[in-house]
Amino acid sequence: MNFNTFFRKKNISDLQNTTQKSELSRVLTVKDLTFFGIAAIIGAGIFSTIGRASYEGGPAISLLFILVAVACIFTALCYAQFASMIPVSGSAYTYAYVSLGEIFAWTIGWALILEYAVSNMVIAISWSGYFVSMLQGFGIHWPDWLSIDYWNAHRAYLEYLAHPQSLSQNDVRLSEIYQSAPEIANIKIIFNLPAGLITLLVTTLAYVGIKESTRVSNALVWIKLSVIIGIILIGVFYIKPDNWSPFFPNGLGGVMGGVAAVFFSFIGFDSISTTAEEAKNPQRDLPRAMLYCIIICTVLYASIALILTGMVNYKELRVDDPLAYVFNKIGINFIAGIISVSAVIAMTGAILVYQIGQPRIWMTMSRDGLLWKPFGTIHKKYHTPGFATIIAGFFVGIPAMFLDMQLVVDLTSVGTFFAFILVCSGVLYLDNKGLSHQAKFKLIYINGQYLIPLSFCLAIILFLTQTNYKEILTDKPLLAIFWIIWFGLSIGAFKYKFSLIPILGILFNLYLMTELGWSNWGMFILWLLIGLSIYFLYGRKNSKLEKLIQTSHNH
């Protein structure tokens, strides 16, 4: 086996020629692309996970939003440089293919499948909860057995049989729903129908065309931006500064404990790069849109976090609908009703963007021969990757109806961090090979030859001077990997004069990765092993690059 074949790379000029022959419709402006990013980022995060993050970290969680945004900006700058060089729909998958090689490209593509699919399952389930409560606000009762997942209800029922006295109020309710649900052949009929229906509706829209999808997405973004800004302006008058003291109630550890929830709120800016072949001027507009949407969303997220923790004590925010909760608490019920409606709107936009992005990554992988050929087919009438869009709908919609996917928010983050780190690494490769000059948007070069080793020495000294550093490493053994990689990057920077920004992107994402638990890593590694087995059984031998090599050998 020739191991060099795993690291074969695509030619940048060949990819640039590919985009000129694209069958997709070029209709997206910089505003459309920015709104796509906002639609993806402001979804379940601002209406759901922000509450639990605030409960863990207190008012200081607003600083974590800024820290994660900084990590995202370093990464977005690297994405932007790639996007200005290679305006292809494959996002991080394509960027890895030209810089790090085929095996890394496949790994990122496989990780992105997980990120987009699991994100959408989580958002669809969250959407369902808000949708059902919104209907109740209008006096319509949706059947309970058609709004929850089977496994949670069955688990609660078994726990009720074993320990009826020690059940939580929510589990008692789930157990009652299980017992009263209709059944066929002694099998209870319980599934989350709204989650499936919204996925079907959005997939249909994504199938019909990018122009139609963009109009809907832009309208949804305008509505939710208006609502969020309105919430901030009204909430300011109900802030009690005493609620902000202490600012760090659970210390830095409490703040960093919210990393997964906060980062989940931010993932989505990379979905902009999946629409590169439908942008009017991708090399100019993709970089701008990525940075614009991160800056806008950071300001909104940090502001909402400060408003929430100022209006009520952070200890009250361990709820799934924190924005509606705080306005109910202060007696402004009509605002809570508006929030429920806007949450449904916001999450619809997020699902739409992910359902547009997922098929386009599959399409690009299929064109390269790494996935089955039908994934790359373009619908002759609608100019969308039709087959891939339909499969993405099933891939998200069916699990969303039957599984409790709230547990995999962290799993989504592991895959995303991994993709971000490889994109930043790819920029270092381009710089080293002298290819970065082809980019229309080029990162500012700051020589890290001395800065990176010096910062490593200072950071390790500060870490080792802490009296409990052994306990920290015991609690978070992944930190050891972080220090080893930082040491390796310091040597590389000294030798090759690496640029500072991609290194900071790698280090920020890697550090945030260490905050996630072993269980998430274990599930992610299992997912990667499944992906690698598909690559070795199908992708490697069907790769377009493999066929080109064989053809050249035959001649």
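Predicted model: local features only at pLDDT ≥ 70, side-chain atom pairs only at ≥ 80, totals over all residues.
**Stop 1: helix 2.** Select residues 30-41. That's helix 2, with 12 residues, and its first and last C-alphas are 17 Å apart, close to the 16 Å expected at 1.5 Å a residue. Now show the rest of the structure around it. Because 10 of its 12 residues are buried, helix 2 is largely enclosed by the rest of the structure.

**Stop 2: ring pairs.** A search of the whole structure turns up 39 aromatic pairs. Start with Tyr 150 and Trp 151: the ring centres sit 5.3 Å apart and the planes meet at 85°, so this pair is edge-to-face. Tyr 150 has 18% relative accessibility, so it counts as buried.

Next, pick Tyr 450 and Phe 494. Their ring centres are 5.9 Å apart with planes at 75°, so this pair is edge-to-face. Tyr 450 is in the loop between helix 17 and helix 18, while Phe 494 is in helix 20, so the pair ties together parts 44 residues apart in sequence. Are these two buried or exposed? Tyr 450 is exposed, at 57% relative accessible area, and Phe 494 is partly exposed, at 46%.

**Stop 3: an aromatic cluster.** Select Phe 456, Phe 463, Phe 482, Trp 483, Trp 486, Phe 487 and Tyr 511 together: they form one aromatic cluster.

**Stop 4: lysines over rings.** Zoom in on Lys 10, which lies over the face of Tyr 97, 5.6 Å from the ring centre. Then hop to Lys 188, found over the face of Tyr 178 at 5.8 Å from the ring centre.

Note on methods. Residues numbered from 1 in each chain as written. Heavy atoms only, no water. Helix = DSSP H or I, 4+ residues; strand = E, 2+ residues; numbered from the N terminus. Expected span 1.5 Å × (residues − 1). Buried < 20%, exposed > 50% of the residue type's maximum accessible area, 1.4 Å probe, protein only. Phe/Tyr/Trp six-rings, centres within 6.5 Å; stacked < 30°, edge-to-face > 60°. Lys NZ or Arg CZ within 6 Å of the ring centre and 35° of its normal.
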